[in-house]
Amino acid sequence: MKKVTLLAIESSCDDTSIAILQDGKILSNCVATQEAHRIYGGVVPELASRAHLENIIPTVEQALVQANITRKDLDAIAVTRGPGLLGSLIVGVTFAKSFALALDLPLIEVNHMQAHVLAHYAEAPFPKFPFLCLTVSGGHTQIVMVRDHLDMEVLGSTIDDAAGEAFDKTGKLLGLDYPAGPIIDKLAKKGNPIFTFTKPKVGELEFSFSGLKTNILQFLKKEIAKNPSFIKENLEDICASVQTCIIDILMEKLSIAASKHQIDQIAIAGGVSANSGLRAALQTYGERLGWETYIPAFQYCTDNAAMIAVAAYYKYQQGQFSDQSMAPITRWAI
Ligand code: KG4
Ligand code: ZN
């Protein structure tokens with residue numbers, strides 16, 4: 001029987017990624033990370049789309065070479081349709097449509113947030129249905145009920161900033177480069193959570209992080225007025241405190257959702273699931289509450305095309321294809 005080989009494209013934010021998947025197995029997962037945003041404290045959309053344009057063809061070539069296949073071996077082209085930055089999505093979607101047309105292959109559109117959840121099926125152990133997935137990225141914070149590969153429901157999400165944004169915006173206040181999440185994670189390991197911040201009061205399964213940012217800003221201003229070197233002298237403890245606060249908020253809501261819906265299969269996904277504190281907290285909660293926990297390998301946490309390929313593989317099996325009229329969607333619920 002002929003093997004099913006998919007090429008997947010991810011360009012929703014600031015990483016250009018191409019993956020090849022053959023019969024459910026990842027053969028390559030190449031990511032071109034954009035350095036241009038580092039000094040700006042966040043992604044600059046115009047710079048991101050330009051960098052995608054430059055990166056996409058070399059990354060496709062690299063993914064094909066690493067997978068040891070040629071274009072002739074491909075059976076379908078998959079691409080992130082949204083949610084994401086419009087200019088970034090346009091580059092991936094336009095390339096995917098042209099590539100599919102030129103090679104006479106079917107096109108598969110993928111929801112980026114659904115793909116973050118399905119990153120769990122890139123490598124065993126696979127979560128059993130139904131499970132809950134806390135999807136935490138730079139743009140989203142969601143608790144998702146996953147009933148099947150393509151059957152998901154958002155139980156709760158953020159009403160303002162995402163968890164990743166809370167890390168990145170705090171980093172900006174502390175003078176750290178973007179993305180600050182991994183930097184705060186590293187510094188937090190050497191500090192102690194000695195400072196406390198106010199947790200938001202929102203709906204049972206809702207999140208809010210914009211108040212936390214303001215709270216941190218006011219705290220820093222007050223401390224700097226007393227001691228201008230406060231940040232420099234306390235950076236590791238500040239990072240540990242902020243990280244602990246964000247993790248507590250996330251885990252509190254996740255455990256409410258688990259008990260409310262009587263689910264003991266619990267997963268995390270998205271860029272913030274790379275955070276060492278969150279990974280450890282999930283395990284601790286799991287041991288205490290009898291959960292079976294699932295944490296993706298690091299390469300499948302932050303944006304990557306392997307997760308797009310996995311999602312596309314399930315859509316391919318169900319014959320869910322798109323035509324050439326498909327256009328990006330910047331906001332797209334799963
Ligand atoms: O999923 P992702 O790569 O892109 C989006 O879809 O947004 O997530 C990026 C976010 C950024 O906010 C980044 O700071 C955060 O994930 N992040 C982390 C860590 N690694 C990435 N946050 C905390 N700790 C980390 N180790
Ligand atoms: Zn993402």
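Start by selecting Asn-275 and ligand 1: a nitrogen atom of the ligand is 3.0 Å from an N or O atom in the side chain of Asn-275. The model is predicted.

**The ligand and its surroundings**

An N or O atom in the side chain of Asp-185 is 2.9 Å from a nitrogen atom of ligand 1. On its own, ligand 1 has 560 Å² of accessible area, and the protein covers 91% of that.

Now show the residues around the ligand. There are 19 of them, and the closest are Gly-138, Asp-168, Asp-185, Asn-275 and Asp-303. Show the surface as well: ligand 1 sits in the largest pocket. Which elements give two or more residues to the shell around ligand 1? They are α3, α4 and α5.

Most peptide bonds are trans. Two stops on this tour are cis.

Select Phe-129 and Pro-130. The bond from Phe-129 to Pro-130 is cis, and its omega is near -10 degrees. Pro-130 belongs to the loop that runs between α3 (112-118) and β6 (131-136).

Then select Tyr-178 and Pro-179, which are joined by a cis peptide bond with omega about -5 degrees. The loop holding Pro-179 lies between α4 (163-173) and α5 (180-188).

Most residues other than glycine have a negative phi. The next two selections have a positive one.

Go to Asn-68, where phi is near 60 degrees. Asn-68 is in the loop between α1 (45-67) and β4 (76-82). Is this residue buried or exposed? Asn-68 counts as exposed because its relative accessibility is 70%, and the cut-off for exposed is over 50%.

Move on to Gln-262, which is not a glycine but has a positive phi of about 55 degrees. Look for Gln-262 in the loop between α7 (230-261) and β9 (265-269). Its relative accessibility is 72%, so Gln-262 also counts as exposed.

**A buried asparagine**

The last stop is Asn-215, in helix α6 (residues 210-226). Asn-215 has a relative accessible area of 18% and is therefore buried, since buried means under 20%. Which residues does Asn-215 touch, not counting those up to four places away in sequence? Select Phe-197 and Thr-198 to see them.

Key
Residues are numbered from 1 along each chain as its sequence is written. Chains are lettered from A and ligands numbered from 1 in the order in which they are written. This is a predicted model: local features need pLDDT of at least 70, side-chain atom pairs count only at pLDDT 80 or more; totals for chains, interfaces and linings use all residues. Side-chain values use heavy atoms; hydrogens and water are left out. Helices (H or I, at least four residues) and strands (E, at least two) are DSSP runs, numbered from the N terminus. Buried means under 20% relative accessible area, exposed over 50%, partly exposed in between (1.4 Å probe, protein chains only). Contact means heavy atoms within 4.5 Å. A residue is near a molecule or strand if one of its heavy atoms lies within 4 Å of it. A polar contact is a pair of N or O atoms within 3.5 Å; within protein, one must be able to donate a hydrogen and the other to accept it, and residues adjacent in sequence count only if both atoms are side-chain atoms. Accessible areas come from the Shrake-Rupley method with a 1.4 Å probe; for residues, only the protein chains shown count as cover. On a 1 Å grid over the protein atoms alone, a cavity is a set of points where a 1.4 Å probe fits but cannot get out, and a pocket is an open set with protein on both sides within 12 Å along at least five of seven lines; lining residues have an atom within 4 Å of a point. A molecule sits in a cavity or pocket if more than half of its atoms lie within 2 Å of its grid points.
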